[in-house]
Amino acid sequence: MDKDLIKKIVAATGIITGELVLVQFWGEGEDAHIMHAAADAVAALGASPVEIIQSRRVNAQRFLVANEKAFDGKYFQHLSNFDAVIDIFTYRPVVLETLPDSFRMDLYEKYMSNLFSALSEVKRFSQIRIPTEENAKESNLNFEDYSKRMLAAMDVDYNALREVCRAAADGLQERTEVTLVTGDGHKLNFQLEGRKWYVDAGDGDIPAGEIYIAPLEDKTNGKVFFDKLFAGCWGEFADIVLTIENGVITASSGNVLAGHLAQLDDARKTICELGLGKNPNITGLCGFTVLDEKAHGTFHIGIGNNIMFGGKNSPPFHMDFVGGKGWKIL
């Protein structure tokens, strides 16, 4: 990624003059120039950046020698005092496979748990995926396709995107219910009383570009049709009708998808999200949820956990079902 794009993304996260900003980088030293460029962009906006590298190599060595007194409460209290976090990763955070025994792994897992708990208290948390070969592996796309799609999605007009997202959210915010109409008249009704529409237009997950809400967990009823349904690691499915009763998926027209759903308990099959994609630089679905759920003109419904955006369903599971064609909101 070039410095101009990094600067553009950092500005979109909403940095305010005078803020203290943690720039946390999940990668190795040879790629630290990306972190430095982000920190430079923070400083150019009149805020104060603090850099932390979360290197797999370094952490493997550090937790090989650390004892149980290291990284105590003072360390994490310090981290929770930032005004904003810009989390940049060249590979998946958390993963560490080189510690020799359960004691060392337990120390590291405790560190990671406390780290994310502390950072969850920060008022703004933005996460940026860098187009790397390792990140591409999690997308099931080849690196060239992945990189092209990701860079296009990130190089969007964030001011225009924010205006579009806010207008859409404002237009729906006073509604206590909405109905999603798909296919040949299939209708899915969501009850929304007391819930808030969220805007992701640069100050959250990058690539950005969606609005979303947590419907009342036991009040979604009806049917929804997908001409093509993209369901994360489960894959792509065609001509699917899902039946939802009192918030829980009770039937699927596709045998393979139905088999996956049969393995889940009701909490994991509960409709936890309704989202609408708004990023004009994402024009086609590819099977990678990070991009698909933001694609212009798409809708998605999520199942599972929605605690982070105003819901009450808390299983350790979340999956988005993304669809594109022939839908409208009533």
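Keep in mind that this is a predicted model. Start with strand β13, which runs over residues 271-277. Seven of its seven residues are buried, so the strand is largely enclosed by the rest of the structure. Buried here means under 20% relative accessible area.

What does β13 pair with? One partner is β9, in the antiparallel sense, over four bridges. If you want to find that pairing on the screen, look for Tyr212, whose bridge partner in β13 is Gly275. Another partner is strand β14, residues 299-304, again antiparallel, this time over five bridges. There you can look for Leu274, whose bridge partner in β14 is Ile301.

β9, residues 210-213, is one of the elements that give two or more residues to the lining of the largest pocket. That pocket holds about 2,000 Å³ of space, and 44 residues line it. The ones nearest its centre are Gln127, Arg129, Asp205, Glu293 and His318.

Which other elements give two or more residues to this lining? They are α5, β4, β7, α10 and β15. The largest share comes from β4, with four residues.

What sort of residues make up the lining? They divide into 19 nonpolar, twelve polar and 13 charged.

To recap, β13 is buried along its seven residues and pairs with β9 and with β14. β9 also contributes to the lining of the largest pocket. That is all I have.

Note on methods
Residues numbered from 1 in each chain as written. Predicted model: local features only at pLDDT ≥ 70, side-chain atom pairs only at ≥ 80, totals over all residues. Heavy atoms only, no water. 1 Å grid on protein atoms, 1.4 Å probe; cavity = no way out; pocket = protein on both sides within 12 Å on 5 of 7 lines; lining within 4 Å. Points joined across faces, edges and corners; volume = space filled by probe spheres on them. Nonpolar A, V, L, I, M, F, W, Y, C, P; charged D, E, K, R; others polar. Buried < 20%, exposed > 50% of the residue type's maximum accessible area, 1.4 Å probe, protein only. Pairing = 2+ DSSP bridges.
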